[in-house]
Amino acid sequence: MVKHIVLYTLKEGVEKDQAVEIVKNQLEPLVGKIPGLLHMEIRRAYNGMDYALYSEFESAQALADYTKHPLHLAAKEHFWNFLDKRVAADYEW
C-alpha cells in the first residue's frame, strides 16, 4: 500500500473554506471509481498550509495511474486555478 499526503496553500483572495469544499466534493467521490484508489480525505489545515489531502493506493503503480486517470484530470479542472503551492510525500506502508 502507498500513502500519498499533499499539503496545499491557496492563492491570495481565494475563499478557503469554499475552495476546500469544492476540492473535497470533486476528489473524495473518486474512491471506488478509479482502480487502486482505496481512501481519500481532504480537510482544512493550519500552521501555514490551507488544506491537506491524504489518500491510500494499492501500489505505487496505482498512484501513478491515478495522476493521469481521466476522472482525476476532470475533477482537477474544478479547482486547479485555486492552488498556489503544493508539498507532497508518498511512502509505502
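Here are some worked exercises on the structure shown above.

This is a predicted model, in which local features need pLDDT of at least 70 and side-chain atom pairs count only at pLDDT 80 or more, while totals for chains, interfaces and linings use all residues. Residues are numbered from 1 along each chain as its sequence is written, and side-chain values use heavy atoms, with hydrogens and water left out.

**Exercise 1: the strands**

Work out which strands pair with S3, and how enclosed S3 is.

Step 1. Start with the terms. Strands (E, at least two residues) and helices (H or I, at least four) are DSSP runs numbered from the N terminus, and two strands pair if DSSP finds at least two bridges between them.

Step 2. Take S1, residues 2-10. Seven bridges connect S1 to S3, and the two run antiparallel. One spot to look at is isoleucine 5, whose bridge partner in S3 is tyrosine 54.

Step 3. Now take S2, which covers residues 37-44. S2 is also joined to S3 by seven bridges, again antiparallel. Leucine 37 sits opposite phenylalanine 57 of S3, and arginine 44 sits opposite tyrosine 51 of S3.

Step 4. Check the burial of S3. Buried means under 20% relative accessible area, exposed means over 50%, and partly exposed is in between (1.4 Å probe, protein chains only). Six of the seven residues of S3 (residues 51-57) are buried, so the rest of the structure largely encloses this strand.

**Exercise 2: the salt bridges**

Step 1. A salt bridge here is a side-chain nitrogen of Lys or Arg within 4 Å of a carboxyl oxygen of Asp or Glu. The structure holds four of them.

Step 2. Lysine 16 is in helix H1 (residues 16-27) and aspartate 50 is in the loop between S2 and S3, so the pair ties together parts 34 residues apart in sequence. Lysine 16 is partly exposed at 31% relative accessible area, whereas aspartate 50 is buried at 8%.

Step 3. Arginine 43 is partly exposed, at 40% relative accessible area.

**Exercise 3: the largest pocket**

Describe the largest pocket: its volume, its lining, and the elements that supply that lining.

Step 1. Get the idea first. Rolling a probe the size of a water molecule over the atoms shows where empty space is left. On a 1 Å grid over the protein atoms alone, a pocket is an open set of points where a 1.4 Å probe fits, with protein on both sides within 12 Å along at least five of seven lines; lining residues have an atom within 4 Å of a point.

Step 2. The volume is about 170 Å³, counted as the space filled by probe spheres set on the points, which are joined across faces, edges and corners.

Step 3. The lining has 13 residues, and those nearest the centre are His4, Tyr8, Tyr66, His72 and Arg86.

Step 4. S1, helix H2 (60-67) and helix H3 (70-76) each give at least two residues to the lining.
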